[in-house]
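Please look through the sequence and the structure below before reading the briefing. The notes that follow are grouped by topic.

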Amino acid sequence: AFGAPPNRTETDHTDLGDVSVTIRQRLHHAHWERSAWATSVLLGIQTPTGATDERRGGALLPANLQAGSGSWDPFVSVASTLELDRLRLDANALYFAPTEGDQQFEGGDVFSATLTVGYRALMTQYPGPTVSLKGGVRYRSEGRAEQAGVDLPGFGREEVALRAGATWHPTPDLDVVLTLEVPVYQDVNELQPDVAYRLLAGVGWRF
């Protein structure tokens with residue numbers, strides 16, 4: 001699976017966020033009995049569709065707490081998948097390069113790479129359901145943010161995390177994903193708190 005551009009800092013308000021536009025190109029694809037190998041590249045840009053004028057008590061929220069960025073942010077991702085019967089190996093890398101947006105804020109560049117091993121624990125005749133278990137490791141590096149050309153404290157981190165999860169395909173066009181991520185190494189700037197764990201849930205629909 002491809003990585004995605006990082007989400008902005010969460011707040012307690014709901015608003016329209018930035019929308020990403022992507023183009024995907026398959027670089028190669030090979031298949032043989034009960035196995036396949038494919039590699040693709042994805043190019044995209046995160047567009048400034050999100051709201052940037054949220055206020056609290058009459059004061060404008062800082063740029064990193066807004067739903068949108070106000071900037072055009074390109075990204076590129078490369079992914080390779082090898083399937084050997086029930087076993088699946090996924091490797092992907094993502095580079096995300098924010099530009100200056102609202103309030104002259106520019107987030108730090110982000111690089112992440114993930115390696116995952118999956119096993120299809122439940123297989124039924126198509127189009128029946130399947131269940132896959134997975135585990136892996138993720139590296140992520142985020143540069144320091146700037147505002148009006150000045151480095152900001154409290155931004156920038158480097159992290160290595162272990163991941164475990166499961167994917168359920170009740171039908172061929174529907175995915176339900178649950179992932180637990182536990183950092184085993186963290187290097188953060190200034191007084192940022194360490195992350196104990198992340199629990200990620202998602203639903204995907206192919207049409």
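This is a predicted model: local features need pLDDT of at least 70, side-chain atom pairs count only at pLDDT 80 or more; totals for chains, interfaces and linings use all residues.

Residues are numbered from 1 along each chain as its sequence is written, and side-chain values use heavy atoms, with hydrogens and water left out.

**The protein as a whole**

- The secondary structure comes to 0 helices and 14 strands, where helices (H or I, at least four residues) and strands (E, at least two) are DSSP runs numbered from the N terminus.
- Taken along the principal axes, the box filled by the C-alpha atoms is roughly 60 × 35 × 30 Å.
- Of the 207 residues in the protein, 30% are buried, a word that stands for under 20% relative accessible area, with exposed meaning over 50% and partly exposed lying in between (1.4 Å probe, protein chains only).
- Among the contacts (heavy atoms within 4.5 Å) with a separation of 6 or more, 58% are between residues 24 or more positions apart.

- An open sheet is formed by 3 strands in the order 7-10-11, with antiparallel pairing; two strands pair if DSSP finds at least two bridges between them.
- Strand 7 (105–106) and strand 11 (150–151) each have a single partner strand and stand at the edges, so one side of each is left without a neighbour in the sheet.
- Strand 7 pairs with strand 10 (residues 146–147) over 2 bridges in the antiparallel sense, and the bridge partner of Phe-105 in strand 10 is Gln-147.

**An aromatic pair**

- A search of the whole structure finds 3 aromatic pairs, counted when the ring centres of Phe, Tyr or Trp (its six-membered ring) lie within 6.5 Å, with planes under 30 degrees apart called stacked, over 60 edge-to-face and the rest tilted.
- One of these pairs is tilted, because the rings of Phe-111 and Tyr-139 have their planes at 55 degrees, with their centres 6.4 Å apart.
- This pair links distant parts of the chain, since Phe-111 lies in strand 8 (residues 110–122) and Tyr-139 in strand 9 (residues 130–142), 28 residues apart.
- Phe-111 is partly exposed, with a relative accessible area of 34%, and Tyr-139 is also partly exposed, with a relative accessible area of 26%.
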